[in-house]
Amino acid sequence: MPTKESTRVKKILKILNSTYPIVVTQLDHKNPFQLLVATILSAQCTDKQVNSVTGALFHRFPTPSAMADAPIAELEKLIHSTGFYKNKAKNIQACARTLEDRFDGTVPGALEQLVTLPGVGRKTANVVLGAAFGIPGIVVDTHVARLSQRLGLTDQKDPVKIEFDLMALIPKKSWNDFSLQLIYHGRAICMARRPNCPECPLLSLCPFPGKQRA
């Protein structure tokens, strides 16, 4: 028998599906390797800014082999505007080398293998699995964390714990779209500092104590 909470979750999903029927990652990419690198670069950086550098980056170093052998100073220069460029350059090169050494230059399609790559945590792994391989996963970025807390879907702050709370509530077939829908909604309506609650289609289902009514 459906519980009150499961009924509320179904209503949330229905509204999100209606509001954001088509959702795709905003990171430009042509293959799993490009998506993996772009996602690493997206840490504490907008997708738009990442997209502004990856064209030149992948033109210069199109494969794991090429990136593994790239001069680190050139990598740093190419990704400088994404912030934390020294650490990111180190990570994407180490990631490329690991792909070459352990996976024959191919991005693996399993979370357990992806998270062994330098610079890759569960969030990045789930982005790649969902967008490149069509494998269900919950991506917990800042938007997903904020909105899932405001919607009362979790009371956790740790991203991994939030991920598992959401996995228990959301049907597996909806994991990929749900994560992207929350990201879209977090950018368009439910911003961190000034959420546009009067325009939110989820207003009646949201228990967030700080929400504003029209």
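Modeller: This is a predicted model. It holds 2 aromatic pairs.

Biologist: Why is the pair of Y20 and Y184 called edge-to-face?

Modeller: The ring planes of Y20 and Y184 stand at 75°. Planes over 60 degrees apart count as edge-to-face, so this pair is edge-to-face. The ring centres are 6.1 Å apart, and pairing needs centres within 6.5 Å.

Biologist: What makes this a link between distant parts of the chain?

Modeller: Y20 sits in the loop between α1 and α2, and Y184 sits in helix α11. They are 164 residues apart. Both Y20 and Y184 are buried.

Biologist: What kind of aromatic pair do F33 and F58 form?

Modeller: A tilted one, with 55° between the planes.

Biologist: Why does F33 count as buried?

Modeller: Its relative accessibility is 6%. Buried means under 20%, so F33 counts as buried. F58, at 9%, counts as buried too.

Biologist: Which residues of helix α5 are buried, and how do you know that they share a side?

Modeller: L75, E76 and I79 are buried. They cover an arc of only 100° around the axis, so they lie on the same side of α5. On the other side, A73 and K77 are exposed.

Biologist: What do the buried residues of α5 pack against?

Modeller: They pack against α2, α3, α4 and α6.

Methods. Residues are numbered from 1 along each chain as its sequence is written. This is a predicted model: local features need pLDDT of at least 70, side-chain atom pairs count only at pLDDT 80 or more; totals for chains, interfaces and linings use all residues. Side-chain values use heavy atoms; hydrogens and water are left out. Buried means under 20% relative accessible area, exposed over 50%, partly exposed in between (1.4 Å probe, protein chains only). Helices (H or I, at least four residues) and strands (E, at least two) are DSSP runs, numbered from the N terminus. The arc is that of the directions from the helix axis to the C-beta atoms. Contact means heavy atoms within 4.5 Å. Rings of Phe, Tyr and Trp (its six-membered ring) pair if their centres lie within 6.5 Å; planes under 30 degrees apart count as stacked, over 60 as edge-to-face and the rest as tilted.
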